[in-house]
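Dear colleague,

Please find below the structure that I am handing over to you, followed by an account of what was found in it.

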Amino acid sequence: PPPMPIPAPDPKPKEYPFPIANKSADAKQADKEEQKVGNPKVLDSRIDERINESSVFCNVCNTRFLDFNQILYLQRCMHAFCKEDIKKHIFKQLPESDTVPCLEKGCKYFLIQEEIDILIGAEAAKKLHDKYSIALSKSLNCTLCPKCKNMWEHSEGKIDLNVKDEKGQVLNRKAAENYAKFRARCPTCSTDFCAHCLTTPYHIAFTCEDFKSYQGARKCRYCKDKIEGAGASSLPAFLNICKKADCAALMQKACDKVLACGHSCFGFRGETKCLPCLNEECVKKNPALTRDQKEDDYCLVCYTSGLGDSPSLMPECGHLCHEDCLMNRIKKRWSGPRITFSFCECPACRKWASVPNHPEITKEMKLITTLYEEIKKKALERIKFEGLDKDKRLHDPADKFYNKPEEYAMTRLCYYMCFKCKKPYFGGLKNCENVNEGAKEFKEEDLVVVLVFLQAVQEESWIVQNMGKNLLNLNADFAVLLHNGFAGEQLIFVNLALTNKQKEIMLANVPFQ
């Protein structure tokens, strides 16, 4: 084939999208400075040049390495060292300083934190930094907060022999002296800790030495006291329970099983299904089983002690609490004179605290459910009688009571328990009630139905004959009550329309149950 023609040279100079200029002396000097401080582009090219070599020598031990994974190039200065030499250098420098300088003589650069973390691990690096901070604070006669690392001058307090520990016991002389000398509270983050051993929170019942011994000892899982010798039982589930009467009593209520993980069950005696393990390590593996609740977390009912301090249970909602706390809460019923049902709800999610595998609680909840249904039925009839079923809130889609007559009735109406007949009676609308709502102290003897079960025709005719026909006219509500089966309610309307003389006659003649 004929030869290809050679293209003629382009008469126009090549155009670049950016201006081209000869570098001045200042620009060349700037490039040199960039190389010194470690410009990323320059460093990348220098790393490539070094790696392309067949081997690398450590600048400290001068050992030749064919495996480049054993060598680390410092990012700031590009000096190369074997990783073992740098590790030794880090462990030597950090306890004495908060920085690690380059090993090359005359180099003014330091290792960055990322390099330190890669070589010895972030956790080990943190411990070394903390060790340096502690040493520095002691050399300056200052106190170091273990949480925020704030440092300040700490002064000793006065010895107070009346200080009590978490159990309400007065500290002994040594513990009180230790408390006055080392107990500290950070002014920045309010962390309570020991200024000597940095324990958080402060070990109020111990000296530092006693607390260290206590930490390594076998402790009772209920009272947390050290167990010396044999425990209260030889059963595997109860090995960590002491012989104190209170702890032994709790043991009798506790589940006697050991879980598959090897930890004791924190449930109650006789449960058909054991609680999930509340040990911290087991909870971390599957937090959904306990809603991330651990043995040290507070009981949701009492909020005074951890779940592991007493046999616990899990209602159907999944929130945990002490068995005794929930049982006492349910048996105590409502706290004021007005009947409410918040006592049988979970404090966390407000769902009913049903525990199907606990026979006693299940029995109590059945009684409460029966009472609830009875009051609900009365309340629904009452709102019709009061005309409240036409309230616009029940028909407004934007209102929380929209199409919820039961919830509305239970909220608006007040019911009380008669002290004599032990049956609920209507006591007025909630917005009319000023004295009894939320009352902390009241006498149950005062909660009595005034007129109980009027015997329809006889009593109605007796009232008309002895007290005048106008009585029923003045009290239309009372007449409606008789005909609609509300005779068991407190007849407040009748009393309001009677003179004192008429009241005496009625109370003396109308039969009571």
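In what follows, a residue is called buried when its relative accessible area is under 20%, exposed when it is over 50%, and partly exposed in between, with a 1.4 Å probe and protein chains only. By that criterion, 37% of the 513 residues of the protein count as buried. This is a predicted model, in which local features need pLDDT of at least 70 and side-chain atom pairs count only at pLDDT 80 or more, while totals for chains, interfaces and linings use all residues. Residues are numbered from 1 along each chain as its sequence is written, and side-chain values use heavy atoms, leaving out hydrogens and water.

The protein has 17 helices and 12 strands; these are DSSP runs numbered from the N terminus (helices H or I, at least four residues; strands E, at least two). Taking contact to mean heavy atoms within 4.5 Å, 45% of the contacts between residues at least 6 apart in sequence join residues at least 24 apart.

Leaving aside neighbours within four places in sequence, Phe341 is in contact with Trp352, Ile368, Leu371, Tyr372, Ile375 and Met410.

Ile339 is found in the loop between α10 and α11 and is buried, with a relative accessible area of 7%. Residues up to four places away in sequence not counted, Ile339 touches Trp334, Leu371, Ile375, Tyr415, Tyr416, Met417 and Pro424. Ile339 and Pro424 are 85 residues apart in sequence, and their C-alpha atoms are 8.3 Å apart in space.

Grid points are joined across faces, edges and corners, and a volume is the space filled by probe spheres set on the points.

The largest pocket has a volume of about 1,700 Å³. Its lining comprises 49 residues, and Tyr214, Lys219, Cys223, Lys224 and Asp225 lie nearest its centre. Two or more lining residues come from each of α6 (173–182) and α7 (208–215), with α7 providing the largest share, 4 residues.

The structure holds 1 cavity of 30 Å³ or more, and about 50 Å³ of space lies in the largest cavity. Among the residues lining this cavity are Leu300, His319, Leu326 and Ala353.

His203 lies in the loop between β8 (192–194) and α7 and counts as buried, at 3% relative accessibility. With residues up to four places away in sequence not counted, His203 touches Asn178, Cys194, Cys197, Cys208 and Phe211.

Yours sincerely

Terms used
On a 1 Å grid over the protein atoms alone, a cavity is a set of points where a 1.4 Å probe fits but cannot get out, and a pocket is an open set with protein on both sides within 12 Å along at least five of seven lines; lining residues have an atom within 4 Å of a point.
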